[in-house]
Amino acid sequence: MPKREDLHKILILGSGPIVIGQAAEFDYSGTQACKVLMEEGYEVVLVNSNPATIMTDPEVATATYVEPLLPGPVAQVIERERPDALLPTLGGQTALNLAKALSENGTLERFGVELIGADHEAIDRAEDRDRFRATMEGAGLRMPASAIARSLAEAREAAAAIGLPAIVRPAFTLGGRGGGVARTPQDYERVVARGLAASPIGQVLIDRSVIGWGEFEMEVMRDRADNVVIVCSIENLDPMGVHTGDSVCVAPQQTLTDRLYQELRDQSIAVIRAVGVETGGSNVQFAVNPASEEVLVIEMNPRVSRSSALASKATGFPIAKIAARLAVGYTLPEIRNDITRATPAAFEPTLDYCVVKWPRFAFEKFPGSDAVLTTHMKSVGEAMALGRTFGQAFAKAYRSRELDAPAAPAADPLAAAAEPGPDRWDHVLAALRTGHGIEELARATGIDPWFLRELEPIAADPDAPFRGLERSFRAVDTCAAEFPAETPYFYSGWERRAADEVRRSERPGVVILGSGPNRIGQGIEFDYCCVHAAQTVRASGRDAVMLNCNPETVSTDYDTSDRLYFEPLTLPDVLAVCAVERPEGVIVQFGGQTPLKLAAGLRDAGVPLLGTPVEAIDLAEDRGRFGRLLAELGYEAPPYATAHSPAEALACAQDVGFPLLVRPSYVLGGRAMEIVYDRDGLEDYLTRVGTGSDPERPEIFLDRFLEDSIEIDVDALCDGEEVWVGGIMQHVEEAGIHSGDSACVLPPHSLGAPMLDQVREWTRGIGRALGVVGLLNVQYAIRGGRLYVIEANPRASRTVPFVSKAIGLPLAKLATRLALGESLSALELPADPTPAHVSVKEAVLPFDRFDGADALLGPEMRSTGEVMGIAEDFPTAFLKAQAAAGAQLPDSGTVFLTVTDGDKPAAGAVAILLHGLGFRVVATGGTAASLETMGVPVERLNKLGEGSPHVVDWIEQGNVDLVINTPTGTGARSDGWQIRAAAVARGIPCITTMAGALAAARGIWQARRQESEVRSLQELHAGERAAPSAAA
Amino acid sequence: MSEAFVLLEDGARFDGEACGAAGQVTGEVVFTTSMSGYQEAVTDPSFAGQILTFTAPHVGNYGVSAAAMESDRIHARGAIMRAAMDGEDAPGAEGWLTWLADAGVPAIGGVDTRALVRHLRDRGAMRGGIFAGVGEEEAARSVAAEPSMAGADLAATVSPPAPVELAPLAEGGPGAGLSIGVIDTGVKTSIIRNLRERGARVTLLPCAHADFAAYDLVFLANGPGDPAALEYIVQNVRAVVGQKPVFGICLGHQLLCRAVGLQTYKLPFGHRGSNHPVRDLGTGHVEITSQNHGFAVLGPGGEHRIEADEPVRWETGFGAAELTHVNLYDRTVEGLVLREASAGTLQYHPEAGPGPHDSLHFFDDLLTGLA
């Protein structure tokens, strides 16, 4: 069937900020979909609040709206753009839920928008637990015994029939958020209550536990002629009980007989037909009892998912791209297989290699939370590796994770392996090493003995899969070499004799090093920059060669570069690629710290680096040398010292002066960074944190912390001589909050022209002095009207995509041109790119995933992603950013305040504003007294120690709509901790800084004043173009 | 493990470690891209005379079991693997390599199977062998002594000496009351089981058998070797078409096609795997199929590729015929139906074993159509 000619304009919804369970894979899928639909001649309207995405680049869609993914703003976009259809299956659960809401509230009908890919019925059949079960039973398929509960009482009733352990899952949440495993009756009550609260429809599914069964996933595609193919099977090495996003996985499945595999295949096809996903990809999860061979359907996602991104990268079959073509009417046999270019997409990829995916965790960022894996996803990223054998892929994926520190050994590795945790597989290897038999280990862990047998040699010798063999670059070809592959997507396998399949072109190549697995502090922003680098290298007439190991990303889409190497980002692996590629140079400045750490090694191996030289990187990172450089320039910086022992740290502290910002030498995303106010605090810190992860080189950095200062972030370009300032951002939160977690605004909302001139002047001075070629990020603090340099990073910063979208100029692309040898003057940049509109970036925090962790901002970065709000003025932009970040601020109701003494004057202003807007103001003791003296009508609430009903009761009962709490104590169980935990559990916005509270109050005021407008990026940057893109 | 190597007739050599039975073996070296069903594959009589290369890197993961036999023994002459394992999972299962060794089948592991497959893909399936403990020259002489697959009648070597009658496995079903005579050129257990499970009585006949009077349906089985070498069967088929319903799979498809006047030829490296898309030219529907054949049928005009997306109709000595199915990888012929006689065939394997079940409905359609 040909494509549909009755559709002209198609709306695509993105997935919003990166959160746990919904990461960069939806930028990959959404970008593919947009590109395909544009190629097919459709107009594409895109809504996504996440600026750090390739899909929100203005050339990817016809009209791009960086707006909150909420029914209101999206309805405004629909009203303005009048799309013919909405494709909801490529933006994760967020897009699916939003499409469902827009369908149910009548918006789609009102504006005549058709849902394509999956209609409302199919979405509902897959997502509503009752209907899904009934649908499966109707198709003759089995699911674990289960019940649906809408209250604790209903759950208690169901418990007897289902038995413990039981799995509890809230309906309609991402990555099983708010779910868990209950093993005891007490557990059961707690997990059910949490699940009910987390579900937007107040519904939980309670399942018979199949913990310990094998867990398998099938990626299925269907077209409107009812042709169905299986793209990939995925087997979880961690048996049922661990969320698949937290499991180590292998593709294709390894332990099922043909008979059982075909059973899963048959059932997957039956599931997609029964649910009625008309076109596109779905993911079906199964539990398989290895002893009885019983097969149970667990769930299905009627959309592109994290697993389908993994399956696409694992097989070379681009699921999202094909799903988009199917949605507009093509059938599978009409679509060409990109890789062979000779065969159709109606086939099933066959693999002659193994693929292993490894999750990456960040429990160390959330002290107080349990480092235990459950059905509630907690990993923040993943690495994938391909090898000719399972062992090769496993070992490569293992090293691809780039952990800060190796796993701590367990006293009893067998027991530790039996308890799923972030280091489980290290304990499995240790158990094998210490003589535990395969059968014993299989019994204790439920892990299939086949995996344990394959891991036995690796336990004894981590290099076992490679011993005596030679590295050999092989193509990913979807067909096990049955047909010649045209698409240059490579991995290294080890064979007796190297036989590379790489065919270089005559053009010079430039290798771009990616940023590896997503982690807190190094996320999708860097992938965005790497993709821009690849696009620019290609545009310059060279071959872009991408090297990365993160399956979620656009950079590892084989369409992004001329050659893609799916390899770990370690020095030997990178050098091996360079040996085959013999590149003109390697670009290290876009992938965050990961490639930067390799720069010196590459230089020493004689590999040419493009852009900022290693010497400049060293100069910026060496605190002593950089301090001297600033002194020579006459730029002020806070006092600092470097100590090599706890005693020295205590001694230095007096010279530097309290309060201090302290951290060990090795830091990513501000890990283990804290502010200490006195000697006792420093001693406590040194006891808890120690002196860094490298015992050979203990180092502690101490910096004077500038209290009550304003922080500034600057992104600039430098060609070694000239410097051009792209964006100056002012943090909304005061200093002390990690820049990655602080909201920021561009242009700055409260700095005068002289200060901005000084910031520009100093940035130019630093860029020239360092000799940066490419991107430069400088962080400043302003206190008492004086400017201080905090640090300079001669690389892409986290804010590059935000600034690029705000000013309408692609900084990373421009930086790439500089790295390739052009001068700044050749780029013909405007002298001052400051836009007329205001952009606010807000961070998105994962506290709701980590029970027990304090929901408090600090110098250590905790956010997983970011959103952008754009408007005519700061309050409106701030409000949009808050709404997009998921903290939708209430427009009326009750605000609860409890703040530190120092914050009380500022709290008065906020309370007056909110009271004036009709909010009921409640506060505890001291804060209430302070507000009363300022004439704010306030109701007094009991503190925790003052008896019920106290503040936490109020929050839990849903009587509070907004919490403003600045910390007086950070320890677990402090009052503040309990208040914040209760707010996070109820999903109530909780603001922990006065600056944030003031911005929020202003935003609410602004929202009350007028409905905010939506405008596309294309319009904003075209200036005069006021009308929406014309209908065809 | 001792060193071993694969040597091909063009001199290409691939080293590995000996596993399975001791000794050496020669045959036609072919490859399958199926990711599951190693035991089903080597017990499929169609692999007689061939050494089978698995593109899936790990083979032997779950051992072998009685349920996965496609005949009573191993027919492949040898197995070439990247990572061979002797594991066993299920109770009652046996280790894969032990099983090969007990059956006297040599195998080799640790081979760069991808390099080998690329070689075969580019130059075609060819003669070769697995060797251990001998020099390359001696190995080359052994390979040269191996007869070519083209023109080989291997069906006779796997056919039963006398008819074997098998009772139905179910009382009802679309095949109830039917008696099916299978010209057993090396029939797979899955085909027989699919017929018997639908209530039919099945008699396996020696491949030269010519008297089909006792049967409601003559079924042409899969099997090894060159269909052009089986003219004696083709003549028997020609005699029975129009007299009795005649249906077939794989080699049986090639034989019926030859009987109605089409020619067969040797594919460069064959179709062996579980992922080939086949379009039903009548409905337009695409099924993912199990395939195992080294020869194929030319179109009525002698063409290798069937470019049409609707049934290709022409006149034969038996009246109008139609090509009904086409392989979407290379547009080769995958099915035939005679319009004026009850006869039809498929090149691929609707019985699966191993492979996808998309086409199992073939057996229902066939038997329902006869009842």
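This is a predicted model: local features need pLDDT of at least 70, side-chain atom pairs count only at pLDDT 80 or more; totals for chains, interfaces and linings use all residues.
Helix axes here are lines fitted to C-alpha atoms over the stretch in contact.

Take the crossing first. The axes of α1 (residues 25-39) and α10 (residues 306-315), both in chain A, come within 9 Å and cross at roughly 70°. Angles of 65 to 115 degrees count as roughly perpendicular, and α1(A) and α10(A) are therefore roughly perpendicular to each other. On the α1(A) side, the contact is made by A:E25, A:F26 and A:Y28, while α10(A) brings in A:R306, A:A309, A:S312 and A:K313.

Now for helix α22 of chain A, which runs over residues 623-633. Its buried residues are A:R623, A:F626, A:G627, A:L629 and A:L630. Viewed down the axis of α22(A), these buried residues fall within an arc of 160°, so they line one face of the helix. In general, an α-helix has 3.6 residues a turn, so residues three or four places apart point the same way. The other side of α22(A) carries A:R628, A:A631 and A:E632, which are exposed.

As for what sits over the buried residues of α22(A), the cover includes the chain A helices α21 (614-621) and α25 (753-770), along with strands β24 (640-643), β25 (660-664), β27 (700-704) and β32 (786-793).

At its start, a side-chain oxygen of A:D622 reaches to within 3.0 Å of the backbone nitrogen of A:G624. After the helix comes A:G634, with a positive phi near 80°.

Terms used:
Residues are numbered from 1 along each chain as its sequence is written. Chains are lettered from A and ligands numbered from 1 in the order in which they are written. Side-chain values use heavy atoms; hydrogens and water are left out. Axes are lines fitted to C-alpha atoms, for helices over the stretch in contact, and angles run from 0 to 180 degrees between N-to-C directions. Helices (H or I, at least four residues) and strands (E, at least two) are DSSP runs, numbered from the N terminus. Angles under 35 degrees count as roughly parallel, over 145 as roughly antiparallel, 65 to 115 as roughly perpendicular and the rest as oblique. Contact means heavy atoms within 4.5 Å. Buried means under 20% relative accessible area, exposed over 50%, partly exposed in between (1.4 Å probe, protein chains only). The arc is that of the directions from the helix axis to the C-beta atoms. A polar contact is a pair of N or O atoms within 3.5 Å; within protein, one must be able to donate a hydrogen and the other to accept it, and residues adjacent in sequence count only if both atoms are side-chain atoms.
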